[in-house]
Amino acid sequence: MRIVLILVLSLLGCSGSIDEPVSYFNVETPRPFGYVIGDEIPQRIVIETRSGISLQPGSLPAKGQINRWLNLNQVTVKQSGRRYQIDLRYQVFYAPLAVKSLTLPGFTVQFSQGEKSIGQSVPAWTFTLSPLRELVARQTEQGEYMRPDSPPSLLANTQTLYGLAASLSVAALIAAYLSYLYGCFPDRLRRTLFKQALRKLAGLSKSDMEQALTLVHRVLNSLNGQPLFHNRLSQFYRRNPQYLQVSSRLDWFFNYSNRYFFSDGMIVVTQDLQQLKDLCEQCRKIERGSQ
Amino acid sequence: MNTDTQLTDWRELALQFERQINQTVIGLQPAVRNIILAVFARGHVLLEGNVGVGKTTLLRAVAQGLGGDYQRIEGTIDLMPADLIYYTYLNDQGRPCVDPGPLLKHGNTLATFFFNEINRARPQVHALLLRAMAERSINAFNRDYHFPHIQVFADRNRVEKEETFELPAAAKDRFMMEINIDMPSADTVLDELMFNPRFHDTDQLIAGVTNSGIYYRLNELAQTLQQRIQTSPKLHAYALSLWKATHQPQQYGVQLTDVEMPQLLMAGASPRGMSYLIRAAKTRAWLERRDHVLPEDLQAIFPVCMTHRLFLNPMVAYRKEQLLPELIKGILNQVAAP
């Protein structure tokens, strides 16, 4: 009989702890002093429950304004098994005149077990808030008392700027070279062909006719992109129709050059060189786009 | 009569001859012009083209118009050199006889020798032709026979490759020109060829060509012509550049797609090929009423005189049909004169 009594009593001793719905409850708060207006105060609540019990998120305080001077900025709930970690982040907007004691309001966390509801209260937490400055703002010799922080000094970036400039110029050079390779500038180069030819022709006389004719041939070849012959003039005009207006002069040039280079007994007169220069003048006008 | 007048008279004859051929075989003006050039430059001609485009008709018309003794032989796989030189038969009395074959039949007056389907003949026949074409002589019956006037016209069709023998490089080089005959493209010409009964009977068509009887004087004329038409140092330089470009086109900036240029060619133009080119160029200058050769003369005949003389590396030879015309065009487009 005595043994039965001991057994019943020891079982009764165990029953209490088994029935507790919340096996662990702790509120972790930071220091309760030294806060000023605008500070954020984190609060962490750690709860471990028995199995089969789940947290009702609706029972947690809602994000937003709690009262006149307190805001709840963030509510995070992390669950790992039966353990809940609730992180709350408050922000105070109270402007005290002297050090003042304030209280974060308590609330009750609700759990549900089947249809049953169990509450665990989180106690209110008291802390002190200090003013930012003395009650009367004073003037000092150093200027305004209420002033922003001195701006931070800038980091030295001269090296980086030089580096950027150097890499940009290298990139520009490469781009220019690439576009030259892809043939983006032929027009620019071809626009001065006859200008250069005229400059060279100016120094030549009647006796240098061979040189003069070769020069004009070279210019026409470069303009055409490949050697230009009399019988290919029509293709040349198709590509460069603006030169059609000097077709008669070009015909004269090719006939003259053929006679000069490929047949005997050609007598050169001064007018021929002049005519050659006239041809180049006309072509120069065309390449400048003024005709 | 001085030489210049003589050349002028001959030119009129040549142009008239060309007009007549163009009326007989229509739509092939460029080919006719090239054949006229070859005839007056005394060079042999190889025609290549599809079946039934008028190769044989063209050559028969030219042979008929030129006059002179004409012989023709068909290339077959069993044709042997001896068949060209003699043939044996039993005569009326039943005695075996040996008579001269097509090459020897006319002796030294043999003028036009027309070899039809030359690529069907065996290499032995090609070898006999080599000498006949280059030296205008052959050896038979223990003596040499000379043919001072022989002009070989050969044709081959490019459709079939079975039972044919590719002409050896040496034989090809002896032809002055290889002329491609393509089907006329103009609708009017095609319509005419289809519906005009004049073109239905080839024999009658050929018979309509007047025999000008100029043939046996051609050698003399060609000689005079080659001496009279001038070439200037600048033209020599241009021809030399063209020649070098056929050996190393990459040095003249010729670039073909998907080809390693230094490995493109196995052989460029031969000295004989270049001398043929100049002969034909002089003849063209003469037909164009000039007494001097211009670069455009060389350019006009460069493709027909050179294409069959360039031999591609076996690695790219299968693209011959595409690469050779591109190469020739590239050379003409890159070499400048003066």
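**Note on a two-chain predicted model**

1. Of the 291 residues in chain A, 14% are buried, where buried means that 20 or more other C-beta atoms, placed from the backbone, lie within 10 Å of the residue's own, exposed means 12 or fewer, and partly exposed is in between. In chain B, 39% of the 338 residues count as buried.

2. This is a predicted model, in which local features need pLDDT of at least 70, side-chain atom pairs count only at pLDDT 80 or more, and totals for chains, interfaces and linings use all residues. Residues are numbered from 1 along each chain as its sequence is written, while chains are lettered from A and ligands numbered from 1 in the order in which they are written.

3. Confidence in chain A is given as pLDDT, the predictor's confidence in each residue, from 0 to 100. The average for chain A is 85, and 90% of the residues score at least 70. Within chain A, helix H1 (residues 2-19) has the lowest confidence, with a mean of 62, and helix H2 (residues 158-181) the highest, at 94.

4. Chain A contains eight helices and ten strands; chain B contains 13 helices and eleven strands. Helices (H or I, at least four residues) and strands (E, at least two) are DSSP runs, numbered from the N terminus. Two residues are in contact if their C-beta atoms, placed from the backbone, lie within 7 Å. Among contacts with a separation of 6 or more, residues 24 or more positions apart account for 62% in chain A; for chain B, 79% of the contacts between residues at least 6 apart join residues at least 24 apart.

5. Chain A has an open, antiparallel sheet of five strands in the order S1-S2-S6-S5-S4, with strands taken as paired if DSSP finds at least two bridges between them. Strand S1 (22-28) and strand S4 (64-65) of chain A are the edges; each has a single partner strand, so one side of each lacks a neighbour in the sheet. S1(A) pairs with strand S2 (residues 40-49) of chain A over six bridges, in the antiparallel sense. In S2(A), A:Ile47 is the residue opposite A:Phe25.

6. A:Leu220 lies in helix H5 (residues 209-224) of chain A. This residue counts as buried because A:Leu220 has 24 C-beta neighbours inside 10 Å. Its C-alpha atom is 9.7 Å from that of A:Phe236, which is 16 residues away along the chain.

7. Chain B also has an open sheet of five strands, here with parallel pairing and the order S2-S5-S8-S1-S9. At its edges are strand S2 (69-74) and strand S9 (175-181) of chain B, each with a single partner strand, so one side of each is without a neighbour in the sheet. Strand S1 (residues 44-49) and strand S8 (residues 151-157) of chain B are joined by five bridges in the parallel sense. B:Glu48 has B:Arg156 in S8(B) as its bridge partner.

8. In helix H9 (residues 218-228) of chain B, the buried residues are B:Leu218, B:Leu221, B:Ala222 and B:Leu225. They pack against helix H1 (3-24), helix H2 (29-40) and helix H11 (271-287) of chain B. The face of H9(B) turned away from the buried side carries exposed residues B:Asn219, B:Glu220, B:Gln223 and B:Gln227.

9. The contact between the chains takes 13 residues from chain A and 15 residues from chain B. On the side of chain B that touches chain A, helix H10 (233-247), helix H12 (295-306) and helix H13 (320-334) of chain B each supply at least two residues.
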